Amino acid sequence: MQHILSQGARLWTGPTRLPPKHEMGMESRWCVPVRHAHHLIGLMLVIDASQSLTKAEKTRIEAAAAQIGAALYADTDDDRPDSSFEVDLDGVLDSDEDVRRTAVGNMPGGTWLTTDSEMRCFAIRVVASAVGGGFIAPHRALRAALGTRQGVAPQHYVFSATDEGARLIEKVAPAGRSGPAQHSVDAMLSVANALLGGDGMCVVGVGDPVLGLSAAWRSYRQASIAADAAARTSRFGSVVEWSELGAYSVLLQNPKPGEAFILPSTLAALEDPGQPSWMRETLLAFLDSSGSGPRAADALHIHRTTLYYRMDRIREAIEMDLDDGENRLLLHAALRMLELDR
């Protein structure tokens, strides 16, 4: 042990080849630091006397070391004070505006949480649990997985975790506005799934970026719907962004009375009070008529020329191809949900 530490093992940031020391009877070893949440927990040493480990084998060793680090870190969970970035998010993400306003005013954390920084939310769901197969309880696995984020500074995110899943608010870096840091999300899932005892145990929904903590509930609602999509249909993978859902963004919503119904940003024109009052009625009639202009004009009791003029205006407003079946499904479902919402 003294010999290994004398080689600077405490400062190793990645795998290192330790040369043999024959006078001690020690063969060459491939050494991987076992770290988690910026802590060095130990070293994983693999005897490799012939120095014949392949690249694939080294990758597997590193993956095992990462899982061991997460498991050991989580195993000491009860002995550590709460993480500074694990906070109660119930009020901040509540659907009631008054509750949110109070919670936002009392929110601890970095300046990015108390200013109009751009942020996005993630909804992480535990969708299956291997009976007796996991190392630790789901909430501890999620805490370990969220205890460190590759490519995301610790002071730029907060989360809360239960046995059912976790909620995460993250500051959006300028370079990340086009989407989440995929490698960071994949790494988080890999650790959580390994600790839970199998693959495909968790799914993640990703909301759109919003400005300021007071709007985070909207991003989380989007993330939650995206996580439902990942859990309920094989059409999507284990990480789903709200912007990828298409018609499912509407079909998976079942808002309670008084709860906000959220439309995809591409359909903002349908809610814009500045748009002509006939827009929804005309578009719905067109879709109800399976895209038949003559039938839609008859249903609306207007001339076909008027209908075609209106449809041109609608296409300009929503900027969508109405010949695309997926777009028609999304629009039809959205209009029906808006009707229920009213």
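The accessible surface of the protein comes to about 17,700 Å², and carbon and sulfur atoms account for 49% of it; such areas come from the Shrake-Rupley method with a 1.4 Å probe, and for residues only the protein chains shown count as cover. The model is a predicted one, in which local features need pLDDT of at least 70 and side-chain atom pairs count only at pLDDT 80 or more, while totals for chains, interfaces and linings use all residues. Residues are numbered from 1 along each chain as its sequence is written, and side-chain values use heavy atoms, with hydrogens and water left out.

Of the 342 residues in the protein, 45% are buried, where buried means under 20% relative accessible area, exposed means over 50%, and partly exposed lies in between (1.4 Å probe, protein chains only). The secondary structure comprises 12 helices and nine strands; these are DSSP runs numbered from the N terminus, helices being H or I with at least four residues and strands being E with at least two. Among the contacts in the protein with a separation of 6 or more, 62% are between residues 24 or more positions apart, contact meaning heavy atoms within 4.5 Å.

V87 counts as buried because its relative accessibility is 15%. V87 and F159 are 72 residues apart in sequence, yet their C-alpha atoms are 6.0 Å apart in space. Not counting residues up to four places away in sequence, V87 touches M107, P108, V158, F159 and S160.

Two glutamines come next. Q222 is located in helix α7 (residues 216-232) and is buried, with a relative accessible area of 4%. Its side chain reaches the backbone nitrogen of D208 at 2.9 Å, a polar contact being a pair of N or O atoms within 3.5 Å; within protein, one atom must be able to donate a hydrogen and the other to accept it, and residues adjacent in sequence count only if both atoms are side-chain atoms. With residues up to four places away in sequence not counted, Q222 touches G207, D208, W242 and I262.

Q253 is found in the loop between α8 (248-251) and α9. Q253 is also buried, at 5% relative accessible area. Its side chain reaches two backbone oxygens: that of S249 at 2.8 Å and that of I262 at 2.6 Å. Leaving aside neighbours within four places in sequence, Q253 is in contact with R221, I225, W242, F261, I262 and M337.

Helix α9 (residues 278-288) is mostly covered, with eight of its 11 residues buried. These are W278, M279, T282, L283, L284, A285, F286 and L287. Just after α9 comes S290, in the loop between α9 and α10. S290 has a positive phi of about 55° although it is not a glycine, and at 55% relative accessibility it counts as exposed.

Two packed helices are described by the angle between their axes and the distance between the axes. Here the axes are lines fitted to C-alpha atoms, for helices over the stretch in contact, and angles run from 0 to 180 degrees between N-to-C directions. The axes of α9 and α11 come within 10 Å and cross at roughly 105°. The two helices are therefore roughly perpendicular to each other; angles of 65 to 115 degrees carry that description, those under 35 count as roughly parallel, those over 145 as roughly antiparallel and the rest as oblique. In this contact W278, M279, T282, L283 and F286 of α9 meet L307, R310, M311, R313, I314, R315 and A317 of α11. The residues divide into eight nonpolar, one polar and three charged, with Ala, Val, Leu, Ile, Met, Phe, Trp, Tyr, Cys and Pro taken as nonpolar, Asp, Glu, Lys and Arg as charged, and the others, Gly among them, as polar.

Helix α11 (residues 304-318) also meets helix α10 (residues 293-300), with axes that come within 9 Å and cross at roughly 105°. This pair, too, is therefore roughly perpendicular. G293, P294, A296, A297 and L300 in α10 meet R304, L307, Y308 and R310 in α11, a set of six nonpolar, one polar and two charged residues. The loop between α10 and α11 holds H301, which has a positive phi of about 60° although it is not a glycine. H301 is exposed, with a relative accessible area of 74%.
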